[in-house]
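For every term, we set the value against its cut-off and see what follows.

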Amino acid sequence: MIATRGQHFASVDALPSASWAVFFLAGALLRPMWTLPAFFVLSSLLDFSSLANGTITDWCLSPAYWALAFAYAALWLGGHAYRGLHRDSVGTVPRLALTLAVTASVAYLLSKGGFYFFSGRYPEPTLDGFLARIPHYYPRALGTLAGYVGVAFLVRACLRGLAARAASRQGSPA
């Protein structure tokens, strides 16, 4: 999240923000619930420090900014729900895809809907106006989330496979 969020000392401009994926993965892979507020504080610190440094504008930092807390909670809870569905098997991929789609939809409605209706950036927000924006912005949000989560679970599977292989070598006679 640090490398992909905002414009600050450690950001990588070519990568889309990994924030949604970080919250989903924290729910899926990290047991303590304190990771949710900890990552929200981290994301907020990154945003506010970028604003203070003048590397971003205040466009997104409106009263609706706090809708992100609910969107991130939805992502964390989606990851937490997926934890109970996950098995170390390729057969789990459809469950992951469905969980990501549902979770991303809820997070999108909370974050983007919150911004559209409550930021004050749109003089006369309407439901039709918001719905018209979904086909333009939602696919990218879902694709970015799915891409990062897919890579994370692929790396996790590879590391587990390597660890199992190393353990079997240690247990077998040479």
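Q: What makes the link between the side chains of threonine 35 and tryptophan 76 a polar contact?
A: In this predicted model, the side chains of threonine 35 and tryptophan 76 are joined at 3.1 Å. The cut-off for such a pair of N or O atoms is 3.5 Å, so the label polar contact applies.

Q: Which residues does threonine 35 contact, leaving aside its neighbours within four places in sequence?
A: They are Ala26, Leu30 and Trp76. Each counts because it has heavy atoms within 4.5 Å of threonine 35.

Q: Why is threonine 35 called buried?
A: Threonine 35, found in helix α2, has a relative accessible area of 4%.

Q: How far from threonine 35 is valine 22, going by C-alpha atoms?
A: The two C-alpha atoms are separated by 10 Å, and the residues are 13 apart along the chain.

Q: Let's turn to the rings. How many aromatic pairs does the structure hold?
A: There are 16. One of them joins phenylalanine 23 and phenylalanine 39, with 6.2 Å centre to centre and 70° between the planes.

Q: Why is that pair of phenylalanine 23 and phenylalanine 39 called edge-to-face?
A: The centres are 6.2 Å apart, within the 6.5 Å limit, so the rings pair. The planes stand at 70°, which is over 60, and therefore the pair is edge-to-face. Phenylalanine 23 sits in helix α1 (residues 19-29) and phenylalanine 39 in helix α2 (residues 35-53), so this pair links parts of the chain that are 16 residues apart.

Q: What makes the pair of phenylalanine 23 and tyrosine 72 stacked?
A: Their ring centres are 4.0 Å apart and their planes are at 5°. The angle is under 30 degrees, so this pair is stacked. Phenylalanine 23 lies in helix α1 and tyrosine 72 in helix α3 (residues 67-85), so the pair ties together parts that are 49 residues apart in sequence. Tyrosine 72 is buried as well, with a relative accessible area of 3%.

Q: Which residues do ring pairs link into a cluster?
A: The cluster is made of Phe23, Phe39, Phe40, Phe48, Tyr65, Trp66 and Tyr72.

Q: Now for charges. Why does the pair of aspartate 88 and arginine 156 count as a salt bridge?
A: Their side chains meet at 3.4 Å, N to O. The limit is 4 Å, so the pair qualifies. Aspartate 88 is in the loop between α3 and α4 and arginine 156 is in helix α5 (residues 127-171), 68 residues apart.

Q: How do you know that arginine 160 forms a salt bridge with aspartate 88?
A: The closest N and O atoms are 2.5 Å apart, within 4 Å, so this is a salt bridge too. Here the two residues are 72 apart in the chain. The structure holds two salt bridges, and a network of them links Asp88, Arg156 and Arg160.

Q: Why is aspartate 88 called exposed, while arginine 160 is called partly exposed?
A: Aspartate 88 has a relative accessible area of 57%, over the 50% limit, so the word is exposed. Arginine 160 has 43%, between 20% and 50%, so this residue is partly exposed.

Note on methods: Residues numbered from 1 in each chain as written. Predicted model: local features only at pLDDT ≥ 70, side-chain atom pairs only at ≥ 80, totals over all residues. Heavy atoms only, no water. Phe/Tyr/Trp six-rings, centres within 6.5 Å; stacked < 30°, edge-to-face > 60°. Helix = DSSP H or I, 4+ residues; strand = E, 2+ residues; numbered from the N terminus. Buried < 20%, exposed > 50% of the residue type's maximum accessible area, 1.4 Å probe, protein only. Polar contact = N/O pair within 3.5 Å; in protein donor to acceptor, adjacent residues only side chain to side chain.
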